[in-house]
Amino acid sequence: MGGSVKDVKSKAEVDAVVGGGSPVVLHFWASWCEASKHMDQLFTHLATDFPKAHFLRVEAEEQPEISEAYSVSAVPFFVFCKDGKTFDTLEGADPSSLANKVAKLAGSINPGEAASPASLGMAAGSAVLEAVKDLAQVDASKEKNLVEPGLSGSLKKRLQQLVDSHPVFLFMKGTPEEPKCKFSRKVVEVLKEEKVKFGSFDVMSDSELREGLKKFSNWPTFPQLYCKGELLGGCDIAVAMHENGELREVFKDQGIDTIDEEKESGDAKGGISKSTNLSTGLSSRLESLINSNAVMLFMKGKPDEPKCGFSRKVVEILQQESVPFDSFDILTDEEVRQGLKVYSNWSSYPQLYIKGELIGGSDIVLEMHKSGELKKSLQEKGIIPAESIHDRLKKLIASSPVMLFMKGTPDVPRCGFSSRVVDALRQEGLNFGFFDILSDEDVRQGLKVYSNWPTYPQLYYKSELIGGHDIVMELRNNGELKSTLSSRIFLVPSGGYLVLEQV
């Protein structure tokens, strides 16, 4: 303690501090993750503001035993301990939530209120305080208007300025030099092949802007490509327009200048730079390894004995998806370990490849798994058999004993009917899974036919349709909702399709 952050080097060291019973906050980070670095600034300020708590920093990939003990599969990741036990966790770069959770753990704060700059003390820098203040205001706005949260004037102005800053502008995950998802990488490749200059913004660096842009554009996913201030679409649309020549025509009609071919930097495909400066022999070996199996995982350790939590998580995901894959233990060959970072332009491990194309690391694979994009990609490439919409809906409905298909999420419903059903379930103290039908048009339209019920929300119990908003409200008002859903409820794995909420 004493207002500083301590870097820990062993699990025994962590166990000793946590076992002491005092409040402890652990920050799992990685040197390659920019979000970790930004969050660490706030983490350091909070250590000064709360000197009675221990603040420990753990380099996740270098300390696999500690990462495994706390089930770390992505960074940044925070663990909050008290009285020798895990009190709470936080995944991702969310300054407001971090400050709020630290205050709840180690200081006094009103329950349910977002952390304000005052709760952080004067030690925090002005930039950090401003970021938390802005996020606190956004959180407060969400609480007041859960049905259809709007955009503040300042955020809308900022988004419009970004969109208008370049004739061609891309909101993406990562940067053009280091994309953080395969879809962003693909659009970057398309723009390079079209030989156009473009500006970009990494949506992973600003959670307020990332969420705000979804409302600004009425487009729920990333990347998002704009031309002269108009949204063209996401990855699928950009690729389709590129392949049929329509994108080139749009750029031509809008007077977008092209880059002379001789001025272009090296050709890039699938995240793999051809101008690597690697020896021909090593490049050939790496290419051979990557293409030695349709699904190839470069990891630390082996599938039956992973040497880091990130590798273990990707192995578990592939096993859950029933994907046949091969692997290479990069800890056994330093030449491959260092060379592949250059060859793929990806600085960390694990690295997953499908038919020679780099998909990404653990964060991207986990995100694709949760959204269903990984299964879709594997099916499109013929790795696993395609799943019919009927089979998919059947699995979704059965994935939780109480299952709600709604517009939005329980924390941010996108219609009043969905919001009221969520409130009814929460008031009855029921656990439920949910699926946002706005995120998947196939599910949205297919479920209407499957259930013979034309509207949303739809509530299911043990795979049987209970009904929509009016029926749920009637059951609640008659005191029958809980008894209708009264059998024992078990928490079940998400299977990549839903988030299970525990009330």
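I took contact to mean heavy atoms within 4.5 Å. The model I worked on is predicted.

**Entry: Leu378**

I looked up the partners of Leu378, skipping its neighbours within four places in sequence. The contacts I found are Val295, Val323, Ile354, Ile383 and Ile384.

**Entry: nonpolar cores**

Next I asked where Leu378 belongs. Leu378 is among the residues with the most contacts inside the largest nonpolar core. Leu191, Phe251, Phe298 and Leu340 are listed with it there. I noted 53 residues for this core. In soluble globular proteins, nonpolar side chains tend to be buried together.

**Entry: cysteines**

How many disulfides does the model hold? I counted zero. For a disulfide I required a pair of cysteine sulfur atoms within 2.5 Å. Cys308 has a relative accessible area of 0%, so I put it down as buried. Cys415 comes out at 11% relative accessibility. I count Cys415 as buried too, because the cut-off is under 20%.

**Entry: cavities**

I searched the whole structure for cavities of 30 Å³ or more and got one. The largest cavity has a volume of about 30 Å³. Which residues line the largest cavity? I listed Trp32, Glu178, Lys180, Trp346, Ser347 and Ser348. I then sorted this lining by residue class. The lining divides into two nonpolar, two polar and two charged residues. Trp32 and Trp346 count as nonpolar. Glu178 and Lys180 count as charged. Ser347 and Ser348 go down as polar.

Methods: Residues numbered from 1 in each chain as written. Predicted model: local features only at pLDDT ≥ 70, side-chain atom pairs only at ≥ 80, totals over all residues. Heavy atoms only, no water. Buried < 20%, exposed > 50% of the residue type's maximum accessible area, 1.4 Å probe, protein only. Core = buried A, V, L, I, M, F, W, Y, C linked by side-chain atoms within 4.5 Å. 1 Å grid on protein atoms, 1.4 Å probe; cavity = no way out; pocket = protein on both sides within 12 Å on 5 of 7 lines; lining within 4 Å. Points joined across faces, edges and corners; volume = space filled by probe spheres on them.
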